[in-house]
Amino acid sequence: MTQRVHRPREDAEFTFILGMSGVPVLAYFTGTWPKAIEPYRVMDLVVGGIADAYAGRLTAVRADITRCPAATERYGITEAPSYVLLKEGEAVAHGTGPMTTAEARKFLDSHL
């Protein structure tokens, strides 16, 4: 994943990143159980590319649902992968499941 994608180790770090971002945040929620690894590798590439393409307009965060349980609950995450577009800490759009780069761009462009 690129340097532009933040990977908080806990809820406090997730909250800190949100507070420091002056632009919308794409929060991508993942897990670490064995069956989940392959879909996340694909999504890591998509989110990394999006972070590069939207640099300066978007902050990307990859949050592990087991390390960030409060954020997972706050944004109603019930499955992984899931993603939430946040503006000033408030969710403006949600999605679940793997997505292609084209789908990610369409999702973002309709809400940014």
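Phe 14, Phe 29 and Tyr 75 form one aromatic cluster. Rings of Phe, Tyr and Trp (its six-membered ring) pair if their centres lie within 6.5 Å. The model is predicted: local features need pLDDT of at least 70, side-chain atom pairs count only at pLDDT 80 or more, and totals for chains, interfaces and linings use all residues. Residues are numbered from 1 along each chain as its sequence is written, and side-chain values use heavy atoms, leaving out hydrogens and water.

**Aromatic pairs**
- The whole structure holds 3 aromatic pairs.
- Phe 14 and Phe 29 make a tilted pair, 6.0 Å centre to centre with 45° between the planes; planes under 30 degrees apart count as stacked, over 60 as edge-to-face and the rest as tilted.
- This pair joins helix 1 to strand 2, 15 residues apart.
- Phe 14 and Tyr 75 are also tilted, at 6.4 Å and 55°.
- Tyr 75 sits in the loop between helix 3 (69–74) and strand 4, 61 residues from Phe 14.
- Phe 14 and Phe 29 are buried, and so is Tyr 75 (under 20% relative accessible area, 1.4 Å probe, protein chains only).

- Five strands form an open sheet, order 1-3-2-4-5, with mixed pairing.
- Strand 1 (5–6) and strand 5 (90–96) are the edges; each has a single partner strand, so one side of each lacks a neighbour in the sheet.
- Strand 2 (residues 25–30) and strand 3 (residues 59–64) pair in parallel over 6 bridges; pairing takes at least two DSSP bridges.
- Val 25 stands opposite Thr 59 in strand 3.
- Helices (H or I, at least four residues) and strands (E, at least two) are DSSP runs, numbered from the N terminus.

Technical notes: Buried means under 20% relative accessible area, exposed over 50%, partly exposed in between (1.4 Å probe, protein chains only).
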